[in-house]
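Hi,

Here is the model I promised to pass on. Have a look at it first, and then read my notes below.

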Amino acid sequence: MAQYKMHLLVCGGTGCRSSESDLIIENLQHSLREKGLENDAQVIKTGCFGFCEQGPIVKVLPDNTFYTGVKPADAAEIVAEHVLKGRKVERLLYKDPEKQMAVSDSKHMGFYRKQIRIALRNCGFIDPENIDEYIARDGYAALAKVLEEMSPEQAIDVIKQSGLRGRGGGGFPTGLKWEIAGKNKADQKYVVCNADEGDPGAFMDRSILEGDPHSIIEAMSICGYCIGATKGLVYIRAEYPLAIKRLQIAIEQARNYGLLGENILGSKHSFDIELRYGAGAFVCGEETALIHSMEGKRGEPTVKPPFPAESGYLEKPTNVNNVETLANIPAIYLRGHEWFASIGTAKSKGTKVFALAGKINNVGLIEVPMGITLREVIFEIGGGIKDGKKFKAVQTGGPSGGCLTEKHLDTPIDFDNLLAVGSMMGSGGMIVMDEDDCMVAVAKFYLEFTVEESCGKCAPCRIGNKRLHELLDKITLGKGTEEDIEQLRNLSVVIKDTALCGLGQTSPNPVLSTLDNFADEYLAHVRDQHCPAGQCKALRQYLILADKCVGCTACTKVCPTGAIAGEKRQAHLIDQAKCIRCGACIEKCKFSAIIIPSTKI
Amino acid sequence: MDTVKLTIDNKEVVVSKGTTVHEAAKQVGIHIPKLCYMNLELLGLENKPAGCRICVVEQEGRRNLAPSCSTTCTEGMVIKTNTPRVLNARKTVLELLLSDHPKDCLICPKSGRCELQDLAVQLGIREIHSVENAEMSTYRKDHSPSIIRDMDKCVMCRRCEMICNNVQTVGALSAVNRGFMSVVAPAFEQDLKDSPCTFCGQCVAVCPTGALTEVDQVQKVIRALTDKTKTVVVQTAPAVRVALGEEFGMAPGTIVTGKMVAALRGMGFKYVFDTDFAADLTIMEEGTELLDRIGRYLKGDKEVKLPILTSCCPAWVNFFEHNYPDMLDVPSTARSPQQMFGSIAKTYLADKLGIKREDMIVVSVMPCLAKKYECQRDEFKVDGNPDVDYAISTRELAHLIREANIDFKTLPDQDFDKPMGESTGAAVIFGTTGGVIEAATRTAYEVFTGNKLPRIDFQELRGLEGIRTATVDFNGTKINIGIAHKLGNARKLLDGIRSGLYNLHAIEIMACPGGCIGGGGQPLHHGKSDVIQARFDAIYREDAAKPIRKSHENPDIIKLYEEFLGKPLSEKSHHLLHTHYFDKKNK
């Protein structure tokens, strides 16, 4: 790298690639050649920068210029102006949504300012398809350190001391997990990387695998050394073709460098990795279901104990860790467990990657220290609510997380705090809702997902979630009763109490948390047949404001049911009985005379 | 043995390590309601997917409720099985199950014997709190020759799947689809008849609801009995007489042969015969075939196929046709007793009675559902007329008797009709695992050695061990015998023969756990080991009580050969009593 004066990092993650980032790279290279600059500036295809909302991203080093929304056609200008003349292309710089000013580099962007990137340390920085770039960033140094300086017990102890907890959702102490798997004697043990990321909107595991696959290989190998396993398996969903490809390249490169295989780095440790593809069932993220799926059986969970650490893949002791958990491992060895434990809260150490989504300005992937507040994440990193709307709720933890409100905004985020307020860390989904979101409809939306993804093994999840969804559907149609609300609550409590696996035990969370935090909204639906957010179509009402209506009759012409009556140049009136709530009138009205009132008329 | 002490509903319990909470509770008289869980220890049939969540209990210090069927007792554990939290959860979950279950109990074949219905009674369900018009998961009904699958009634207990895969290794049934629409079905939800199903009926035997039931032919039998132009003949299999009484509240293992005969005669069957007669005939044919093959083997014939495998069990026949098509020439060619009976009835007996075969209806009462399929096989028909017209199960016979309001328990005993009602103790033990080979040994020994048996009981061939082997000394010639029950064990045995693990001359295989006493058509055992044990013991009691205990000494069999067949393996025998097998692997 040393001979180049400048590096143009172009995001090669799934999101930016869909927006032609490959063509941007081609064009940049072409322009560099045209200007004879190919030995001065290097174009590197990196993993995800996290700021997906504004992709494709091109970052220029060494000055950290952060170009957003770059199009292939912009490549020539970047080269001609920035590379050749040292002048930043102003129009492509990120604009602060509040100040409406261009931000010259990533160091000054609110999105990055509060982030601490450990798991994502190499994402958006190195070429994931080049092992040398990983090694240049101290890659495989942790493995070397462990193999040379530590016994498996000592190495496990480092992870225990670090306080690292599983990032896949459970939050189980990783070091303890390793210790248990290590203590169980067997002729063969397995290290499994759970890359079956299935939460809607969450893509941290994909980004890590796409942006820094070697960190996972290195961590798995270390884990293998610690627990006495020589075989590693990555269970990855087939819907992640790019992650699969990069992982395959990385495995091949590691094998060629002797970093996978027999007697790694001259030690007695041997380790190799195979990939196993998942077909996309959400429940296969549950470790016992994942193991059954890898064994070629139906992907459904079984009762624990026995835990995989005792009897897992092919009934051998198996350690299953999530991608993000593993991505932290090399850093802990290199920088020390004290350093890692110094970040975060009393019981949740280090950082957590969140996928910010919903009605928020900066949609993307962020890594923040444990203990940061929801407020900081949403309003500082996330840049606040879209279109200046009012914040209403944030759902953390994926489809089975709870919906938290204004009053929870100053809660420091960690495993235990989120559980205490009725939500969870989950794998780090964070979906922000604004005043236009109906919380009954939100709960229904998530139940739709869990109904779809239930494996069907246990009755409460198989049938109970279906009934929850039916009840919610009934309420959103304005046909619900207060008894239905009672029924919702009882059913939710029982499903949580009786379901077999984590999926069913958490799937009622969106219902319970919205019942707790938005009881009025439920009551409005069943008592007044009214949806305060105006989202439930069946309950929506359209009203013509007499003082604004000029009687142009445009609305009467588009109304498919003849529900609008009125003379020319006279204020019109909507017959609520005839109205089918199609919304054609509101779109047609040029005078903003038609509204959806927030209280029942 | 290591023990652990725990408290269940304030009672202290000491159990051996590894015991589940459900079993521990049972030891102190607490019967926790359950649905999917089944544990028939005697036969090693255990199902505990922990899927129904009915057996949940409260465990001190645990966040959620614990499924007692699959929670192992630990030292100092405190369990509560009936707190309001538990009761509410259990009832709510049961209501959920019922909300997705048809409510046509009145006409359900399982009504009165349905574990879901019993649970609804026990938990006092009066109302199903659910959304009006809650969606039900519905599926296409599947009719096969033996089994009806009405999966609308499936509660996903997975017992059938466990039996079909783990016990029988047939692999016809597994869970398909996901979530609300998940159900147990053959691959791609094809029909059972197009799957590798052997119709052993063990799935039916363990199904708690009306999802899996037998094809009910009671009505057809009644119609036949009303037809004045037909002579209706009935045969009853050995295992039926030791189980039928259970359907009428009699203790398991009660031998009801005489009452059964009386009931059948009372219902209008013209002749009540015994499949045992045909079992004796089977021994004559199969035993002779065994001796023939061994004789040729001892003379150095390298072509001879050994071990010889029994062929009485129709599910086993289906199993090897599906799974071992390369070994079709290994099993005995002897037809099963049911089919030998039908064949002789519609020739020898019809001639004797002076009626045409078309005017004779042969009904068989079997502990088996595969017999329904077997009697429909084309090779057992003459010009489209089957040798056996209807095979009804023990359960269907019980229905028929109840329908005819016969007070079964007080019926005076009656005897079978002649000539096809005479049988020996050897025939009776066909009803349990090891019985066929013991019966064959009794005859083969005497024929081979020319000596009288020094002892009739071959204890070494008896038992409920899944795979058993024994060597019987035929006056200096050692005959190695293998026995397997449950098709998974049959597979192990056959694979063991291929790999050279076993060196055997003769093998008996029965598909069902315990043999016919545990057949798919028997009264439902509901997972109770003592029921099976009692039937097992009764079979040998019946044998011991018989005046004649060796098939070749059955006087009516001797007469049949004199008058009609000539000798075993004669041309007539070949035509009427033997069969051939088909490759079903690629069908």
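What follows is a short tour of the chains, the sheets and the cores.

First, the ground rules. This is a predicted model, so local features need pLDDT of at least 70 and side-chain atom pairs count only at pLDDT 80 or more, while totals for chains, interfaces and linings use all residues. Residues are numbered from 1 along each chain as its sequence is written, and chains are lettered from A and ligands numbered from 1 in the order in which they are written.

Domains first (the bounds come from an automatic or database domain assignment). Chain A is split into domain 1 (6-113), domain 2 (145-339), domain 3 (351-434), domain 4 (439-527) and domain 5 (542-595). Between the C-alpha centres of domains 3 and 5 of chain A there are 40 Å. Chain B has domain 1 (3-99), domain 2 (142-214) and domain 3 (217-587). There, the C-alpha centres of domain 2 and domain 3 of chain B are 26 Å apart, and 16 residues of domain 2 are in contact with 24 residues of domain 3. "In contact" means that the C-beta atoms of two residues, placed from the backbone, lie within 7 Å. On the domain 2 side, helix 5 (residues 202-206) of chain B gives the most, with three residues. Helices (H or I, at least four residues) and strands (E, at least two) are DSSP runs, numbered from the N terminus.

Now the contact between the chains: chain B puts in 31 residues and chain A 30. On the chain B side, helix 2 (84-99) and strand 10 (174-176) of chain B each give two or more residues. Helix 2 of chain B has the largest share, seven residues. By class, that side holds 15 nonpolar, 12 polar and four charged residues (Ala, Val, Leu, Ile, Met, Phe, Trp, Tyr, Cys and Pro count as nonpolar, Asp, Glu, Lys and Arg as charged, and the others, Gly among them, as polar).

Two sheets in chain A deserve a look; strands pair if DSSP finds at least two bridges between them. One is an open, parallel sheet of four strands, in the order 9-8-7-10. Its edge strands are strand 9 (272-278) and strand 10 (318-322) of chain A. Strand 8 (residues 231-237) of chain A pairs with strand 9 over seven bridges, and Tyr235(A) has Arg276(A) as its bridge partner.

The other is an open sheet of five strands with mixed pairing, ordered 12-11-15-13-14. Strand 12 (364-369) and strand 14 (403-405) of chain A are at the edges with a single partner strand each, so one side of each has no neighbour in the sheet. Strand 13 (residues 391-396) and strand 15 (residues 429-434) of chain A run antiparallel, joined by five bridges. Across that pair, Ala393(A) stands opposite Met433(A).

Finally, the inside. A residue is buried if 20 or more other C-beta atoms lie within 10 Å of its own, exposed if 12 or fewer, and partly exposed in between, with C-beta atoms placed from the backbone. In helix 9 (residues 204-211) of chain A, eight of eight residues are buried, including Asp205(A), Arg206(A) and Glu210(A). A nonpolar core is a set of buried Ala, Val, Leu, Ile, Met, Phe, Trp, Tyr and Cys residues joined through C-beta atoms within 7 Å. The largest has 349 residues, and Val58(A) and Trp316(B) are among those with the most contacts inside it.

Cheers
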